[in-house]
Amino acid sequence: MKKTVLLGALTVAGLAAGAAAAGTLDDVKARGTLNCGVTTGLVGFAAPDANGEWAGFDVSICRAVAAAVLGDSKAVEFVPTTGKTRFTALASGEIDMLARNTTWTFSRDVDLKFEFTGVNYYDGQGFMVPKELGVSSAKELDGATVCIQTGTTTELNLADFFRANNISYEPVPIETNAEAQQQYLAGACDVYTTDASGLAATRATFDDPAGHVLLPEIISKEPLGPLVRHGDHEWGDVVRWTLNALVSAEELGVTSANIAEMSAGSNNPEINRLLGSEGTLGEMMGLDADWAKSAVMAGGNYGEIFAKNIGEETPVGLARGLNAQWTNGGLLYSPPFR
């Protein structure tokens, strides 16, 4: 088993090394389209609507990058990936970046040769159960059947939690969120475990959301964020600073509504540098001066993207919590634009 895992990691790392050498920024410009890996479907984060149009929190990151690089937020080809296929798709060059709910871990960064370009959602693993089960704590789940996506950090976290609490469980392996939802609602498992945000998004699609409870335990740290291949530093800078631009825009009060006015120049030098009316930040990355302006105009600043897709006024209903700006007690913080 260890040998198989090692060979799999080496294969992914080898693919990544070869694909990164190509220069993704030049490839995307020449192609005129960004190939962005997303989940197979998670309401609020990444899911196609009835017309096949992709929308969601993670989708908005893809669109912001496309706008920054190509000046067109619609110039994106969305590639659905599962927990098993996402890393191979990125390593092989099938996609230019991965923007699905993927946790930044040591082994993914170092062993699999990927580069996480920041955190766009601070999360943690939780548990959802039917209300009629009468369970109020995950520590009461001894002997439960648990739906869990394969190829994810949740598998290891689940094993650690049950072992630490000296209780047992029976795993019900699934590959996609849609399959997990189907199995859970059909009663094939007592519990569904994944990132707490994913549980909230899944519950929002149920006919009777109130019939299902998110248990209080959060058993892990799950910093989710976009990633690219190791070694392609120019492209990594583009994705990293596009995310930072969305975060900084919110902190600086730049919104989709006032950005046209702000980009004409303000008395705040950092806003001017961010939006390209001063300095040469875009040129440093091989982009137009208004790259960050284009990124924000694609779907708004970070706060606007959050509120529209997964915020408290949406069916997903997530509070900002740890994902509030650092000035509001959260962890959201961008390095300076200077």
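Q: What makes a residue count as a contact of threonine 117, and which residues are on that list?
A: Contact means that heavy atoms lie within 4.5 Å. Leaving aside neighbours within four places in sequence, threonine 117 is in contact with Pro226, Val228, Gly236, Val239, Arg240 and Leu243.

Q: What kind of model is this, and how are its residues numbered?
A: It's a predicted model, where local features need pLDDT of at least 70 and side-chain atom pairs count only at pLDDT 80 or more, while totals for chains, interfaces and linings use all residues. Residues are numbered from 1 along each chain as its sequence is written, and side-chain values use heavy atoms, with hydrogens and water left out.

Q: Why is threonine 117 called buried rather than exposed?
A: Buried means under 20% relative accessible area, exposed means over 50%, and partly exposed is in between (1.4 Å probe, protein chains only). Threonine 117 comes in at 3%, so it counts as buried. You'll find it in the loop between strand 6 (114-116) and strand 7 (121-123).

Q: What makes a stretch of chain a helix or a strand, and how many of each are there?
A: Both are DSSP runs, numbered from the N terminus: helices are H or I with at least four residues, strands are E with at least two. By that rule the protein chain has 14 helices and 14 strands.

Q: Is valine 65 buried or exposed, and how do you know?
A: Its relative accessibility is 1%, so valine 65 goes down as buried. Valine 65 sits in helix 3. Leaving aside neighbours within four places in sequence, its contacts are Leu34, Met97, Trp235, Val239 and Thr242.

Q: How far is valine 65 from cysteine 36?
A: They are 29 residues apart in sequence and 9.6 Å apart in space, going C-alpha to C-alpha.

Q: How do you know that cysteine 36 and cysteine 62 form a disulfide?
A: A disulfide is a pair of cysteine sulfur atoms within 2.5 Å. The sulfur atoms of cysteine 36 and cysteine 62 are 2.1 Å apart, so by that definition they are a disulfide. The pair links distant parts of the chain, 26 residues apart: cysteine 36 is in strand 1 (residues 34-39) and cysteine 62 is in helix 3 (residues 57-70). Both of these cysteines are buried.

Q: Why is the disulfide of cysteine 147 and cysteine 189 called left-handed?
A: The torsion about its S-S bond is about -100 degrees, so it gets that label. This pair also links distant parts of the chain, 42 residues apart, with cysteine 147 in strand 9 (residues 144-149) and cysteine 189 in the loop between helix 7 (177-185) and strand 11 (191-195). Cysteine 147 and cysteine 189 are buried.

Q: How many disulfides are there, and what is their pairing?
A: Two. With the bonded cysteines numbered in sequence order, the pairing is 1-2, 3-4.

Q: How do you know whether the radius of gyration agrees with a compact globule?
A: The radius is taken over C-alpha atoms, and the globule rule is 2.2 Å times the number of residues to the power 0.38. For 338 residues that puts a compact globule near 20 Å; the protein chain has 20 Å, so the two agree. Along its principal axes the C-alpha trace spans about 60 × 45 × 40 Å.

Q: What percentage of the residues count as buried?
A: Of the 338 residues, 52%.
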